[in-house]
Amino acid sequence: MNVLSVERIAKSFGIRELFTDLSFGIEQGQKVALVAKNGTGKSTLLQLLTGKDSTDEGKIVFNKEIRWTFLEQDEAYLPENTALDYLLASNNAMTKAIRLYESALATGEHLERALDQMDQSGAWDYDSKMKQVLGALNIQRLEQTMGTMSGGQRRRIALAKVLLEDADFLILDEPTNHLDLDMIEWLEDYLGKSNKTLFMVTHDRYFLENITDEILELENKTLYKYKGNFSYYLEKKAEREQLEAATRDKQENLFRKEAEWARKMPRARGTKSKSRLDAFQELKETLAKKKEAGELDLEINISRMGSKVVEFHRVKKQLGQQTILDGFDYTFKSNERVGLVGRNGCGKTTFLQLLTKRDEPDHGKVVNGETVVFGYYEQSTMHLKPEQRVIECIREIADFIPLKKGKTITASQLLEKFLFPKHMHFNTISQLSGGEKKRLQLLLVLMKNPNFLILDEPTNDLDIFTLSALEDYLSQYPGCLIIVSHDRYFLDKLVDHLFVLDGKGGVRDVLGSSLQFRDMLAESSPEIVKEKESIEPKTKNNSTTKISFKEKQQFTELERDIPLWEEKRVQLELQMSQCADHSELIELSNQLAELNSKIEEGTLLWLTLAEKMG
């Protein structure tokens, strides 16, 4: 059954044409993703589909029997509303029944009618589903007002609302933004097993690989369709581009011949050859479009780094009641590549603030080498001035920028290498898309020639093409690199080891990829990922490095108990899938949450004891 038909739509903003004659359809149960470069109209297309903007031409038709919902980048909210108010703002039968039930409980009136509506609408199931979704997304304080939350918290609540609306068709704009690794993997599993229809924009390539069955690519105002996941798309796109390159060579040869003919043609015969001139002009425009595509080209030079980089000496740091670091001891080496991971709120940003001397430790010290030049790419683009022109933003740093091998480049030329064509140089910052602002921000960081590059969530809002080019550059980057990211694909391509912050002051230094680390936690197997030497502070003959009899007993018990807990988790999940009783389902859900916490804590303790035992 067709759920959405898009027929020959067009959209322009002034003289800028995003696309024209765009058509596609989505069938029930399909999981479709849209990929395109920043600024080509991905978010605009979603706005058109959901009626938040209108097309210039063509039509968009939804199946009237299908209920759809939309997760947008910047969800509207009332600051004074609580998280619960926001979640129950949907106008379906279940949320109406829940609002009536909550009111009846508070006032003691109409309770029987409220219970009847809860039964008839199936709202008891909604209530248990809400607990499952909120638990997975770590949404705990439903009484907190939206205006007092961080952007990441509001984003997670907006995602929870979309998942709970029980719609048949989900339209999602960057659903993994502001989620930590646990949440992304849960969402991937949740959507992958669901029979709901999906249409989404995302830069998360593992997400695209594991969920989608069709990918649409918008390039040069043309829509290309690929019936498969991300790896299939990459394979078929390469084949298409190879064919286009061969066609382009033929077109260029033809263009040269036609240009020569056009120059030699006598004026008197012009009217007789109008069709040939029209074909010549069309060919010229086709070749021009191909040349506009371009690739991100990064050749910024970096400052020389001495032998001393950065040293942490038994650093302790606490924020309020939370311990971020508890005696962290580490010496960074030249060209080191580290991924900084952990749950939201565990202290990753504080770690970077200490590293760059923007914050001071409570105890211990951080020593930076004299030749270290930090380049800090932050999540926020607030320091960009909306009214400033793009070229002015670059020239504030330098008119000429040093490249490798003693070469220089002008600010204008550098912008073009970063996929800002000349017609965009005098645009204001406010006219750029979110991804274009991020790309400009990255350029400003690299212009300062850093030899220690810190990237805090660099993948948010960047398209997969820019990400791929950025990965190519960073793989050759000769300085130190620290990446904070929830993008598993990006991390796994670029870092050699991970600092895993547990939010309680501990830091694990794990050799391997993020996926290997997740597998290690899931399977409790020390063979999947080798541990590097401990980065906890220790001195020679320190008795704390020896394992006690009690700890050895703990280790033996955990080796026996963790597999049993894993089996119990599988049984609980099976019971929940077959359970129809509301109160029993809530009890099972609470048991599962406690068991998951127990498994995670037990696994981390097992790893600590395993390291002590060597």
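Predicted model: local features only at pLDDT ≥ 70, side-chain atom pairs only at ≥ 80, totals over all residues.
Two things are worth a look: an open sheet of 3 strands, and a count of 3 cavities of 30 Å³ or more.

**The sheet**

- The strands line up in the order β11-β10-β13, and their pairing is antiparallel.
- β11 (322-331) and β13 (363-368) sit at the edges with a single partner strand each, so one side of each has no neighbour in the sheet.
- From one strand to the next, the twist averages 25 degrees.
- Strand β10 (residues 310-319) is joined to β11 by 7 bridges.
- If you look at glutamine 318, its bridge partner in β11 is threonine 323.
- Helix α11 (residues 348-355) packs on this sheet and touches β10, β11 and β13. The direction of α11 makes about 135 degrees with that of β10.

**The largest cavity**

- This one holds about 70 Å³ of space.
- Its lining includes Thr176, Asn177, His178, His203, Asp204, Glu457 and Asp487.
- Sorted by class, the lining has 7 polar, 3 charged and 2 nonpolar residues.

**The second largest cavity**

- Here you'll find about 50 Å³ of space.
- Among the residues lining the second largest cavity are Leu34, Val35, Ala36, Lys42, His203 and Asp463.
- Strand β3 (residues 31-36) gives the largest share of that lining, with 3 residues.
- By class, the lining of the second largest cavity splits into 5 nonpolar, 2 polar and 3 charged residues.

Technical notes. Residues numbered from 1 in each chain as written. Heavy atoms only, no water. Pairing = 2+ DSSP bridges. Helix = DSSP H or I, 4+ residues; strand = E, 2+ residues; numbered from the N terminus. Axes fitted to C-alpha atoms, helices over the stretch in contact; angles between N-to-C directions. Contact = heavy atoms within 4.5 Å. 1 Å grid on protein atoms, 1.4 Å probe; cavity = no way out; pocket = protein on both sides within 12 Å on 5 of 7 lines; lining within 4 Å. Points joined across faces, edges and corners; volume = space filled by probe spheres on them. Nonpolar A, V, L, I, M, F, W, Y, C, P; charged D, E, K, R; others polar.
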